[in-house]
Number of protein chains: 2
Amino acid sequence: MQDDLTKTMRMNYLFDFYQGLLTDKQRSYLERYYLEDESLSEIAETFQVSRQAVYDNIRRTDELLEDYELKLGLLKKFEARQALLDQMKQNLNEQHSQELLKLIEQLESIE
Amino acid sequence: MQDDLTKTMRMNYLFDFYQGLLTDKQRSYLERYYLEDESLSEIAETFQVSRQAVYDNIRRTDELLEDYELKLGLLKKFEARQALLDQMKQNLNEQHSQELLKLIEQLESIE
């Protein structure tokens, strides 16, 4: 179960970064499966296809997202930036302007 | 000429961000044309193809890079982050630790 949860979180992130490169169908399936936590059967019923077809499609899209991450590394870069921003916040104290903190928060909001 | 220069700079950036999604051939042509400033004829000679074939390939790859930018917006996000980091540096003064400046520099080095 731990592995499933980790995988779901990772797929959520990868989906966020690379959804622009997916087809409408791939996007719909993944959104329902990972973000809205629908079951394969529910998705199959909605789209009037077999459960196996949904499973195969999602598995292939998972591989595609991992392939994009290998090629572009957006999640890896995001994590590197977040680690640095966390360090920056720890370095901030009352002597530092609130303006800086606002800028850091804005930086964090950019994927 | 101004437009050519702007286009070359933009293609250099887009190439940086999306080269992982290109084929070896697309990557070779673009690298030679935009980064190493080779002419279409020189590239054609190296690869033993017509000048027109090189031209068509580069034009299609340019469109592909612009399409990726439309879908993922990595250059746009990069520019937004750089603008915020510039503001942060302007907000820094001697009261702020050198540690913060180092972190900002590290952040700038991540695409």
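Select E105(A) to start: with a relative accessibility of 45%, E105(A) counts as partly exposed (buried is under 20% relative accessible area, exposed over 50%, partly exposed in between, with a 1.4 Å probe and protein chains only). The model is predicted, so local features need pLDDT of at least 70 and side-chain atom pairs pLDDT 80 or more, while totals for chains, interfaces and linings use all residues. Residues are numbered from 1 along each chain as its sequence is written, chains are lettered from A and ligands numbered from 1 in the order in which they are written, and side-chain values use heavy atoms, with hydrogens and water left out.

**Chain A**

E105(A) sits in helix α6, residues 98–109 of chain A (helices, H or I of at least four residues, and strands, E of at least two, are DSSP runs numbered from the N terminus).

Now show the whole of chain A. It has six helices and zero strands, in the order α-α-α-α-α-α along the sequence. Of its 111 residues, 37% count as buried. Where contacts in chain A join residues at least 6 apart in sequence, 53% of them link residues at least 24 apart (contact means heavy atoms within 4.5 Å).

**Helix α3 of chain B**

Move to chain B and select residues 40–47, helix α3, where L40(B), I43(B) and A44(B) are buried. These residues lie on the same side of α3(B), because they cover an arc of only 100° around the axis (the arc is that of the directions from the helix axis to the C-beta atoms). What do the buried residues of α3(B) pack against? Colour α2 (24–35) and α4 (51–72) of chain B to see their partners.

Keep α3(B) and α4(B) on screen. Two packed helices are described by the angle between their axes and the distance between the axes. Here the axes come within 8 Å and cross at roughly 110° (axes are lines fitted to C-alpha atoms, for helices over the stretch in contact, and angles run from 0 to 180 degrees between N-to-C directions). The two helices are therefore roughly perpendicular to each other (65 to 115 degrees; under 35 counts as roughly parallel, over 145 as roughly antiparallel, and the rest as oblique). To display the contact, select L40(B), S41(B), I43(B) and A44(B) of α3(B), with R51(B), V54(B), Y55(B) and I58(B) of α4(B).

Step past the end of α3(B) to Q48(B), which takes a positive phi of about 55°. Q48(B) is in the loop between α3 and α4 of chain B and is exposed, at 69% relative accessible area. Y33(B) is 15 residues from Q48(B) in sequence and 16 Å away in space, C-alpha to C-alpha.

Next, follow α4 of chain B to D62(B). Is D62(B) buried or exposed? Its relative accessible area is 6%, so D62(B) is buried. Leaving out neighbours within four places in sequence, D62(B) contacts K7(B), M11(B), L30(B) and Y34(B).

**The cores**

Finish with the largest nonpolar core, of 42 residues, in which Y18(A), I58(A), Y18(B) and I58(B) have the most contacts (a nonpolar core is a set of buried Ala, Val, Leu, Ile, Met, Phe, Trp, Tyr and Cys residues joined through side-chain atoms within 4.5 Å). Apart from this core lies another, of 16 residues, including L84(A), L85(B), M88(B) and L100(B).
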